[in-house]
Each structure stands twice: as C-alpha cells, then as structure tokens.
Amino acid sequence: MLPTQNNKQTDAPGIHPLGVDGLLIRFGGQLSEPANRAALACRAAIERDPPTGLLESATSLTSVYLRFDPTGTDHARLQHALAPLLASRDWYQADLPQGRRLWHVPTVFDTDLAPQLGEAAALAGLSPDEATEAICAAPLRVQTIGFAPGQPYLGELPPEWDIPRQTGLTPRVPEGALVVAIRQMVLFSVSTPTGWRHVGQTALRLFAPEKDDPFLLRPGDEVLFQPVARDAFEAIRASDPSGGAVSERLD
Amino acid sequence: MTEVTLLRAGPGVTVQDMGRPGYLAQGLSRGGAADRLALCEGAALLGQGSDLAALEIAGSFLSIEASAPLRIALTGAPMRAVCDGAALVWQASHLLPAGARLDLSGSRGGYSYLHLGGGVTGAQVLGAGSAHLGAGIGRMLEAGDSLLLGPDRGRETGMTLAPLDRFEGGLLRMVETPQTRLFPEAMRARFIETIFHKDARGNRMGQRLVSESESFALQAGLSILSEAIVPGDIQITGDGAPFVLLAECQTTGGYPRIGTVLPCDLPRLVQAPPKAPLQFQFVTLDEAVVLERAEAERRASLGMSMEPLIRDPHDIADLLAYQLISGVTRGDDLERTRA
C-alpha cells in the first residue's frame, strides 16, 4: 500500500489505493460537514482539470474515488499528478455546490411500510413518535449520491441516532424506502437488500433511466420529510409519479 | 437488418456489453457482462469490436432463430449447442443458415455467451445496451422477444480459440484495501488458508462464499463510514461470510473489505461451478498492475491465437459438427510463463 500522504495540515487528505485501477482520497474517517464539502469541492476541481489516465471520479461521504486506466498510468503517478492540487487550498473551507434545492417529501412512518421504526427508535432511546418527530424536525442534506442509482445519503441526525447497522441483511426493501443507521438516512432508488433499518416509506422515484436527467437529487440538496397517514400516502403513490415531492431553490 | 427471434429463453438471459462507465458519481455502477473475458473472446472469434452487445445466459437455456444467415460465436461456460440437429463446437464461431434453429442447453452454471455477427442493437440507455437488473435498466429476455442486429462486416466463421481455463475454480489474486489491516493478522492468515465455495445466493451483483472456517466478521465493522467500493471487493458483512462484488454491484458500501480481487481473476470466480474450490492470495499493487497489463495485452491479441476448426473426415457430410484441432494453445501460457 502507498503511504498516506501528509502535508502541513493535520487533517490533510489521505490517499489510498482502491483496487488495481483506483485511488481513494479521504478527507476523514468520520462524517463531518467540512469533510463532506471538501470531498465535493475536490472532485469538482479534479473534473475541471483531469489528470492523464483518469477515467471517472465520484464522491462518497468524505472521500473522492478516482478510476484510472491501469495500462496507461498507475497509483504513484496519479498521486504525484494530484499532489499540487490537493495542497493548493484548504478543502475543508470549501462552499457547498451551487444550485441546491429543498425537497418536501411525504413519508409514512407507521404500519408495515415502516417495519423497523420501533426497533431503530429503541436503539436511539426514543419512542416511535419521538423518532418520527426527530427525523422530520429539520431538513437533511444530501451528502452524496451512491450505492444505487440516484440514491441519497442524508444527514446528519442528532447524536442519539448513532446506531449501528444490523448484523444480518434485510433481504429486500422496496423502492422509496427510508432507512437509518449511524446518524444517516438513505432513500432507496431500487428494491434492494440492506443492512440498514427500514423506518419509513416514500413514493419518490429517484432514478428514471428513460428521462434526459434521470437522477432526481444532487449532492447539496436538502430533504424535509413530512409524515402522512398511510391512506393519504397510497393516494399520492397511485396518482403522482413524483411521489408528492415538491422542490424550491435554496440559493 | 437481421432479426433474431427468441424461441425459448430460461431465466437470466440478458443483453450484455462492456457496461456504461461514467455514472459512478450518480450511484450507477458500470455493469456489463459478468465475464468480460468471454466478451473479448467472442469478439475475436467474429472479428468485431468487443464493445458490441451479446446475449448472456446465466445458468439457463436459450433457443433462437435468425431471419437471415447469421454468424455466431459461443464463449463462456460451455453448453450443449445444437443447430437443426447438428452439434456445434463451443468456444468457436459458426455460420447459421437463414431460418435455422439454434438450441443452447445443458448449462452447469456460470455465464455463457452467444455472440451475434454485428452485435445486438436496440434501446441504448445512458450510452449502453446492457441490462442492469439491479438498477432497473433493461430486463431478462423472454420467449417471443426479437432482437435487431447491427450490420455484420465480418465474413469468417469456423474458427476456434482455446479458452483461458476458468471453469474449475482455483486461485483468486487480490490486493489490499484501505480496510485490510483492520482484520487481525491471524484472521487474514486464516482467510488465505481457507478453501471457499460459492453459495447458491450469487448473482450479477455479487457472490457470497461459504467455507468450513469460522466467521471473518469484525466487531468494529458495523460502523465504518460508507465509501467507494468496486467490483472484486471482498466485503465481510455482519454474518462473517465473504461477499465478492461483481459487475452490477452497488457503488458505495460500509462493510469492511478484506481484499480486492484483480479484474483479470474475476472470470475465474464467476465461472466457478458450485462445488469448485476457491482460494485467495494477496499480491502487491505492483504485481497486480503487471498482471492486469499483461492480461489487457493478451485480450487485445486474442485474434492472433485463433485456429480454424477442422472437420472430422467421418463427419464430412455434416457441415457444422467440427472437431477441435489439436495443438492449440492452452490459453494459460501467461500463467505458466510466470510460474
């Protein structure tokens, strides 16, 4: 493994190989707002002036992944090419992306559409009603899109929500499921197995491959969940392809 | 334009190509053929680009009929191939007469490929024709479906190519991940000593492995921050069994990964039969880069290793049942040279 790169800043990004054709630039092992902004800004800068051999890039919560062509370059060369950019500024002070939006999303937090709300609430030391209130109290920000197409990681919930993933996998949660773990929430864009707990259900369509812009949410967007009763939700789901979501501009 | 009609199709028959790179940032993995080497072999046999789409048959069966004379190639996990009653050699190219019926059956698992001259055209979604079932792009094909083919500029058929041996399990080489050192040394040692087998729960997203060994789970592993993951990553989920991510995997994950299987060794994993032994071995990053480059070169020059099929004199009346020529390369010369 290549050594972690350090410069004068104590929290400078670490660079790690990820497979034979990838590099991971990590701005933190724990989720933080500055590390998230750093990852988003750093990827944007790399995309503006891509180094030789770069095939694509992506952010996750606090890191940037770079995939390169291993027949044309290698980990050390790419790392060397990126060094001046990484040292050029304090990434943790970066602004959020432009064009952010606030989404209001009707969500069911009870019945069999939210099968693990009670279990997750108990782990957070809350009643199911208190848990619902806490989740809906304030907008959660899209920190990254990943795992499945258009799927947002949303955060950050208060500290009592620092609950682990479950030991086993839930074999399948439906599209639009809202799940929780480690102070974050995820909305599923496809039906999928997951280790996170299923605490709510939306009718969002996060990925529509037939559309020109197939991905509904972008990093930096905010989502405010609005609790609705199951019958109201079913009416929305039956009649509204956008799942009742409305958006407004944030900047 | 040549049209192919599916007369019979079992579950798990999909259109596959090299996938759609460029959407990792939006959470869409590249997808594409489970065994990319098989795509390269088929492209070489037909003398066409390895970017053209073929049909992937995941342990299933398929029968087709073509509207016009059709060049085909058969690669990947061997199946019984019959054209209007005559057996066809696997891992070879053939010419089907117009209206002929091709039956592919007898799969023993793994992924088989039917390549069609000109490639499968049709709905392109985000720049590729491959089905990505996990993302809801495309679907499994069914009896009655028709596929349009692109213009076939090639003429040659009756060629064969020795397959790289990858149908009996074996060694899977891997590099360390940023989390490898979270696993205690003794556990890593036990991991590379363990003989694994495929669990029945495998699909294009990933393959769970089982063994006699105890759990490889990390207690700290349940709260790792999600970050980028790639095909070949060996995730250890809470149940302690390794899960190797494949072509249609998710793009991020939070379970610790003990290693990343080299892309050039993934065909050996996806094509291993259920009871075949699989064992892991760490290689350095430098070794991995050398191995990948050598495999990329080998794949690019597959066309030079082809040999003509020769007919058995006793079967001379049968225009399609060819026997393999003797003395073809084994296809694993690369590994033997290294050893």
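**Notes on the interfaces**

1. In this predicted model, 49 residues of chain A are in contact with 45 residues of chain B. Between them, chain A and chain B bury about 3800 Å². Carbon and sulfur atoms account for 64% of that buried area.

2. Which residues of chain A lose the most area to chain B? They are Val20(A), Phe147(A) and Arg165(A), which together make up 18% of what the chain A side buries.

3. One salt bridge is counted between chain A and chain B. It joins the side chains of Arg26(A) and Glu227(B), with an N to O distance of 2.9 Å.

4. Several secondary-structure elements of chain A each supply at least two residues of the side that touches chain B. They are strand E1 (14-17), strand E2 (22-26), strand E3 (54-59), strand E4 (63-68) and helix H2 (75-87). By class, the side of chain A that touches chain B has 24 nonpolar residues, 18 polar residues and seven charged residues.

5. Turning to chain B, the domain assignment gives domain 1 (3-160) and domain 2 (170-287). The centres of these two domains of chain B, taken over C-alpha atoms, are separated by 29 Å.

6. How many residues of domain 1 of chain B are in contact with domain 2 of chain B? There are 23, and they meet ten residues of domain 2 of chain B. The two domains of chain B bury about 1200 Å² between them, with 52% of it on carbon and sulfur atoms.

7. Between domain 1 of chain B and domain 2 of chain B, the count is one salt bridge. In a salt bridge of chain B, the side chains of Arg204(B) and Glu56(B) meet at 2.9 Å, N to O. Across the interface of domain 1 of chain B and domain 2 of chain B, nine residue pairs are found in polar contact, with both residues at pLDDT 80 or more. On the side of domain 1 of chain B that touches domain 2 of chain B, the residues divide into ten nonpolar, nine polar and four charged.

Technical notes:
Residues numbered from 1 in each chain as written. Chains lettered and ligands numbered in written order. Predicted model: local features only at pLDDT ≥ 70, side-chain atom pairs only at ≥ 80, totals over all residues. Heavy atoms only, no water. Domains from an automatic or database assignment. Contact = heavy atoms within 4.5 Å. Buried area = accessible area lost by both parts, 1.4 Å probe. Salt bridge = Lys/Arg side-chain N within 4 Å of Asp/Glu carboxyl O. Polar contact = N/O pair within 3.5 Å; in protein donor to acceptor, adjacent residues only side chain to side chain. Nonpolar A, V, L, I, M, F, W, Y, C, P; charged D, E, K, R; others polar. Helix = DSSP H or I, 4+ residues; strand = E, 2+ residues; numbered from the N terminus.
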